[in-house]
Amino acid sequence: MLHEIITINGVQILDYVANWLRSHTVSVSVAIVTTTIAIYGIYIGKAAKKITHNMNVIIRFAVYVFVYAFGIGFLSTYAVRYITKLLNNLDNAWLVTVICLVFSLLIYLANDEKQI
């Protein structure tokens with residue numbers, strides 16, 4: 001297969017890259033979640049503003065704190081844990097493939113949202 005083909009001096013490059021990535025799966029998961037939030041976080045803010053535009057400033061502030069501090073904080077904490085578990089359960093070839101595809105998708109989405 002692919003991981004058996006790509007070797008240099010007897011070292012399988014795919015396994016080397018996968019092992020390096022595996023030791024950094026928490027950082028990769030944080031990067032995936034924070035990039036997604038950076039791309040789509042503005043829509044969450046716009047939705048909260050649209051819902052609370054007629055409300056008192058204190059209630060708007062409370063909704064803002066709840067949505068951003070608790071909502072996104074809670075979501076990102078559990079999303080990072082879940083993505084880390086998913087990545088750690090993948091085989092080496094799939095780990096490298098999935099990480100490359102996810103970041104390629106994030107680049108496409110960021111470009112599509114005029115964030116790059």
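Which helix gives the largest share of the lining of the largest pocket? Helix 3 does, with seven residues. This is a predicted model, in which local features need pLDDT of at least 70, side-chain atom pairs count only at pLDDT 80 or more, and totals for chains, interfaces and linings use all residues. Residues are numbered from 1 along each chain as its sequence is written, and side-chain values use heavy atoms, leaving out hydrogens and water.

**The pocket**

The largest pocket has a volume of about 160 Å³. A pocket here is an open set of points on a 1 Å grid over the protein atoms alone, where a 1.4 Å probe fits, with protein on both sides within 12 Å along at least five of seven lines. Lining residues have an atom within 4 Å of a point. The volume is the space filled by probe spheres set on the points.

The lining includes Ile32, Thr36, Tyr40, Gly41, Leu75 and Ile83. Helix 3 and helix 4 (57-88) are the elements that give two or more residues to it. By class, the lining has eight nonpolar, two polar and no charged residues. Nonpolar means Ala, Val, Leu, Ile, Met, Phe, Trp, Tyr, Cys and Pro; charged means Asp, Glu, Lys and Arg; the others, Gly among them, are polar.

Helices are DSSP runs (H or I, at least four residues), numbered from the N terminus. Axes are lines fitted to C-alpha atoms over the stretch in contact, and angles run from 0 to 180 degrees between N-to-C directions.

| Helix pair | Axes come within | Crossing angle |
|---|---|---|
| Helix 3 and helix 5 | 10 Å | roughly 15° |
| Helix 2 and helix 5 | 9 Å | roughly 70° |
| Helix 3 and helix 4 | 9 Å | roughly 150° |

Helix 3 is therefore roughly parallel to helix 5 (under 35 degrees). Contact means heavy atoms within 4.5 Å. Among the residues making it are Val28, Ile32 and Ile39 of helix 3 and Ile99, Phe103 and Leu106 of helix 5. This contact has 11 nonpolar, two polar and no charged residues.

Helix 2 crosses helix 5 at roughly 70°, which makes the two roughly perpendicular (65 to 115 degrees). This crossing is also left-handed. The classes are eight nonpolar, two polar and two charged.

Helix 3 crosses helix 4 at roughly 150°, which makes them roughly antiparallel (over 145 degrees). Here the crossing is right-handed (clockwise). The contact holds 16 nonpolar, eight polar and one charged residue.
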